[in-house]
Amino acid sequence: VVDGAVFIEVVLSNGDSYSAQVVGSDKDSDLAVIKVEAPANLLPPMQLGDSASLQVGQRVVAIGNPFGLEHTMTAGIISSLGRVIRRETGYSMPKMIQTDAAINPGNSGGPLLDLRGRVIGVNSMIFSSSGSSSGVGFAIPIDIVKRVVPELIRVGKYAHPWLGVSGTSLDSRIAKALGLERQRGALVTEVVRGGPAEAAGLRGGSRTVQI
């Protein structure tokens, strides 16, 4: 949301606006921290929950500015947990929260709340062929936010641990095509040269099969 921004303005619920600056950002986790030049008493902190105890079917609320419509609230449930979403950067975002609460352009960066008002995630993206909500939205778990944000405040960036591999989940079709006995696990298709996985002796696939 703030990538490439020349000027950032934060508008509070009372209509007052204040300038802000980016303290740190991390494209891989789709998170950024901004510092708002406003009196502290106008910025009451929200209570953070935890995402480890979430359950599928739990009711949630999303708040944001979809299509520029300020202070919009939508409700739904947690549709799934632990989704892995591959970003344009090549980094896979783990443990994403899937929800059917309507999330549209303008919701990004807004909170996903439980019914006690605790922030359990940060709304991030949707899967849609039309560009608007189709009941499949995703939020970054608050436990990841708790890990990344302090580093963004401290040094302005976050150093992600990485293996240096790309691959896919092994299933019966892939196992049959490759002549493998096992039908479950992680299939390493490519190893990044000079990365930790190569140093550990992992090797990527050497042949192509059609499934």
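Visitor: Before we start, what counts as a pocket, and what is a lining residue?
Guide: A pocket is an open set of grid points with protein on both sides within 12 Å along at least five of seven lines, and lining residues have an atom within 4 Å of a point. One thing to keep in mind is that this is a predicted model.

Visitor: Thanks! Which residues lie nearest the centre of the second largest pocket?
Guide: Those are Ser 92, Leu 163, Gly 164, Val 165 and Ser 166, out of 23 residues that line the second largest pocket. The space in this pocket comes to about 680 Å³.

Visitor: And which elements give two or more residues to that lining?
Guide: They are β5 (72-86), β6, β10 (165-169) and β11 (186-191). Strand β10 gives the largest share, with five residues.

Visitor: How do the residues of that lining split by class?
Guide: Eleven are nonpolar, nine are polar and three are charged.

Visitor: OK, now the largest pocket. What is its volume?
Guide: The volume of the largest pocket is about 2400 Å³. It has 50 lining residues, and the closest to its centre are Ile 34, Ser 108, Gly 109, Gly 110 and Pro 111.

Visitor: Which elements supply at least two residues there?
Guide: Strands β1 (8-11), β2 (17-26), β3 (31-36), β4 (59-64) and β8 each do, and helix α1 does as well. By class, the lining of the largest pocket has 27 nonpolar, 15 polar and eight charged residues.

Visitor: Let's change topic. How many helices and strands does the chain have?
Guide: There are three helices and eleven strands. Going along the sequence, the pattern reads β-β-β-β-β-β-β-β-β-α-β-α-β-α.

Visitor: What do the strands β4-β5-β6-β9-β8-β7 form?
Guide: In that order they make a closed barrel of six strands, with antiparallel pairing. On average, neighbouring strands of this sheet are turned by 50° against each other, ignoring direction.

Visitor: Can we zoom in on one pair? How many bridges join β8 to β9?
Guide: Five bridges link β8 (residues 119-126) with β9 (residues 137-141), and the two strands run antiparallel. As one example, Ile 126 has Gly 137 in β9 as its bridge partner.

Visitor: And where does helix α1 lie?
Guide: Helix α1 (residues 142-155) lies across β6 (92-99), β8 and β9, at about 50° to β9.

Visitor: Last one: what share of the chain is buried?
Guide: Of its 211 residues, 32% count as buried. The C-alpha atoms fill a box of roughly 65 × 35 × 35 Å along the principal axes.

Technical notes:
Residues numbered from 1 in each chain as written. Predicted model: local features only at pLDDT ≥ 70, side-chain atom pairs only at ≥ 80, totals over all residues. Heavy atoms only, no water. Pairing = 2+ DSSP bridges. Helix = DSSP H or I, 4+ residues; strand = E, 2+ residues; numbered from the N terminus. Axes fitted to C-alpha atoms, helices over the stretch in contact; angles between N-to-C directions. Contact = heavy atoms within 4.5 Å. 1 Å grid on protein atoms, 1.4 Å probe; cavity = no way out; pocket = protein on both sides within 12 Å on 5 of 7 lines; lining within 4 Å. Points joined across faces, edges and corners; volume = space filled by probe spheres on them. Nonpolar A, V, L, I, M, F, W, Y, C, P; charged D, E, K, R; others polar. Buried < 20%, exposed > 50% of the residue type's maximum accessible area, 1.4 Å probe, protein only.
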